[in-house]
Amino acid sequence: MNHLSSFSASEASAKVPFNAYFQFMYGFKKSKPNAGYKPALGWNNNLKMEELNKNTLKTALSKLPDYPLSDSVWAGIESQLNTDKINALKTQLKEYNPPPLIWDNLSLELEKDAKSTQNTEGGYLLDNNSKINELITNELIADNKPIKKQSVFRRLSLQRWAMAATMTGLIFALFILLKRSNTEGGANLKFSTEIVDNQLLKNDWDDAELDYKMVETLCQQHIAACETPSFKTLKHELDELNQARESVKNAIGAFNSDTDLMMQLKNIEQERAVILKQIIGVL
Amino acid sequence: MRNLIKKSFLLLLILRGGIFLNAQTTLQVVSKNIDKTLDFKAGKAVEINLEKANLTIKSWASAQVKIQVELLSKNPQLEAAKQDLMALKFVAERVGKTIYIRNYVAIDKGKEKPSSDLRVLITIWLPTDAPVSIKNSFGKNNIQQFNGRIDLTSEFCKTKLSQLNGEVSINTRFGDLEGDNFNNKLTISSNRSNVTLRILRGATLINATYGKIIIEADRTLTTLNVNADKADVDILNPKNALINYFLSTDFGTISTPKRRNFNYLENSKNRKRANLQHTATASNVTVSTSLGHILIE
């Protein structure tokens, strides 16, 4: 059967019954000479014929009955073959590595087969890659041919490349996220100390607040005076200063060491004191 | 016995020294640095919105906006300082044609306001003619050598401006403003702020309420208009530049040097008006106040 291994893949995959094909090639079943054939110009008539009625021929071939050959026939054929000559010719055959696309297609086909096998055989999954590799290796060993190992990269399918790229991307994104969270979470924090005079931290701004609240009490006693435009103007100013004072106090907080803000608050307090004196004068 | 007296004397000295020495507190300072650079194209604007920030703006010959930020948190307790620093956020991003730069304090629901003293030190390099809008409160602003238009809104801030060639508009409340070398139109609206300006080459308009306005007028001055409500205005003229003055006050006072020969058009108790006119080409200074004094030196 070694001679059959030289058949091309397209020949092997043609849907012609093998026996019919064999008969056609080797003449066991004779058809009418030159019926439907025209010899090609300049070529041996037996080797190269131009088919004029391809469809008719295909139909006819498909209608030929199949008969299994007896073992004696095969034995006869084998005895007629000059195996030494064939082996000598085989050594002269050139070897070609298939392009990566072939391996990719093979992998895809195998994966499809594996899925169908898994589906049909209750979850049993064949390791098709290893199986086909084993088959190829065995055949090569049987033919005494050098085993050329395929590189890992060629064997990887497109899907696996895509999976690998996705995983790499995910790992990279995770790394970036972790780095960012570390940065924002305090990985680059710096620490130092600052000595502050307790006078700056002394929070005694509210000591005179009772005096300002007294204005409200006085207004209850001097209602008419508190309705005058001059009082209202002063009260408006005082309210504005009170609001500003609260804003600066909040900005200063409990541990402020910025004297500029404290000076601002001091100035506001001084202005408030002036206004308070004017208000008392009106009342 | 002698030793006992010596020791007692030394102890007294130490105690006495202690009385004069002020007590001090050590604050733990935690800081974080952030650097960011954004591309800038002509026609875009920069908006800066800060709080408790010491802002410095510089210009550079680049089509990029470069930002260097240091976020600071101070507290006697290190852990509290660290936690509070996490609440201090800084953002610099481009949305449409505007670059936004801002900081804020983010308090999670149910958590207390940070007790630490939080502060931001930020330096921004802008393309030299980029228009910039700035808001800052409880901090400092420092802008020098800049050609672009500036809109500054400042509350409780100290502001220093120098060598500005673009139009400048300032709104300041409860803050001090110092500036010199304004080479373009300058508009200031101030409330309870002290404003001190020198070398005004462009038309200048100041609307002030409360506070004190001090202008150093020299030959570079072109046109100055000051409207002051309950604010005092001092015009210093050290180099005796030729300036036409138009002064008026309601319920206030006007003080002018005798050597200048001001013409008092009105000098009643409630209203005073005084002019001094040299030539039509001289600089014009117009000042009007209510409940405030005008001083020309």
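## Chain B and its contact with chain A

In β1(B), B:Ser31 is the bridge partner of A:Lys190. This is a predicted model, in which local features need pLDDT of at least 70 and side-chain atom pairs count only at pLDDT 80 or more, while totals for chains, interfaces and linings use all residues. Residues are numbered from 1 along each chain as its sequence is written, and chains are lettered from A and ligands numbered from 1 in the order in which they are written.

β1(B) and strand β3 (residues 189–197) of chain A pair in the antiparallel sense over 9 bridges; pairing requires at least two bridges found by DSSP between the strands. Strands (E, at least two residues) and helices (H or I, at least four) are DSSP runs, numbered from the N terminus.

The contact involves 26 residues from chain A and 24 residues from chain B, where two residues are in contact if their C-beta atoms, placed from the backbone, lie within 7 Å. On the side of chain B that touches chain A, β1(B) gives the most, with 10 residues. β1 (24–39) and β4 (64–75) of chain B each supply at least two residues.

Chain B has 2 helices and 25 strands. Of its 297 residues, 37% count as buried, that is, with 20 or more other C-beta atoms within 10 Å of their own. A nonpolar core is a set of buried Ala, Val, Leu, Ile, Met, Phe, Trp, Tyr and Cys residues joined through C-beta atoms within 7 Å.

| Nonpolar core | Size | Residues, among them |
|---|---|---|
| Largest | 66 residues | B:Val46, B:Ile122, B:Val233 |
| Second, separate | 15 residues | A:Leu241, A:Ile279, B:Phe138, B:Phe174 |

Definitions and conventions
Buried ≥ 20, exposed ≤ 12 C-beta atoms within 10 Å, placed from the backbone.
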